[in-house]
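This report describes how the secondary structure elements of one chain are arranged. The chain is shown first.

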Amino acid sequence: MMEIEIIKSTKLSKKEVRSMTKFMFKILLTKKERKKLKLTISFDPIDSEPRQEGYCIQGADDYKYLIWCRGSRQRESQRQTLAHEFVHVRQMIQKDMSPFTGKLISKRLDGLSIKNGDQYWDSPTEIEADGRARGLVSRWHTKHNKTL
Ligand SMILES: [Zn+2]
């Protein structure tokens, strides 16, 4: 069973964060992978990194992650940030991105490589995270907005 701990969410309710997390990981991971997942999602301003909207760090094992999201942002922007970080979790679990260096370690995303691109914005892992985040949030709205 997937474990989700939510810390200091204010603008987004815990119910909503839980609903998004379950819905999006159903798209991103296999059932077997989801079962092992242990997530801590923190909105605590104390964990803030300057200029960052969110981040994701691997914990003690391959299936344990801490995700931080800047909780002072507008709700929709926080949803995009969460979805973006969820894609990075997928990349680490499915060994596309190194949890230690943040670098691409598989061939799967090679088609997204941009020659001489900016190291951050043009990296295949960021292109995938930004690209898929919009679709994840949009599908979640379609399916869940009316039931929240
Ligand atoms: Zn990113």
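The model is predicted. Its open sheet has 4 strands in the order 1-2-4-3, and the pairing is mixed. Strand 1 (3–7) and strand 3 (54–58) form the edges, each pairing on one side only. From one strand to the next, the twist averages 15 degrees.

Strand 1 and strand 2 (residues 38–42) are paired in the parallel sense over 5 bridges. Within this pair, I7 is opposite S42 of strand 2. Helix 1 packs on the sheet and touches strand 1 and strand 2. Helix 3, in turn, lies across strand 3 and strand 4 (64–69).

| Elements | Angle |
|---|---|
| Helix 1 and strand 1 | about 145 degrees |
| Helix 3 and strand 3 | about 25 degrees |
| Helix 1 and helix 3 | roughly 40 degrees |

How do the two helices meet? The axes of helix 1 (residues 14–28) and helix 3 (residues 75–93) come within 10 Å and cross at roughly 40 degrees. Helix 1 is therefore oblique to helix 3. Their crossing is right-handed.

On the side of helix 1, the contact involves M20, M24, F25 and L28; these meet R79, L82, A83, F86, V87 and R90 in helix 3. Of the residues in this contact, 8 are nonpolar, 2 are charged and none is polar.

How values were computed: Residues numbered from 1 in each chain as written. Predicted model: local features only at pLDDT ≥ 70, side-chain atom pairs only at ≥ 80, totals over all residues. Axes fitted to C-alpha atoms, helices over the stretch in contact; angles between N-to-C directions. Parallel < 35°, antiparallel > 145°, perpendicular 65-115°, else oblique. Left-handed = near helix turned anticlockwise from the far one by under 90°. Contact = placed C-beta atoms within 7 Å. Nonpolar A, V, L, I, M, F, W, Y, C, P; charged D, E, K, R; others polar. Pairing = 2+ DSSP bridges.
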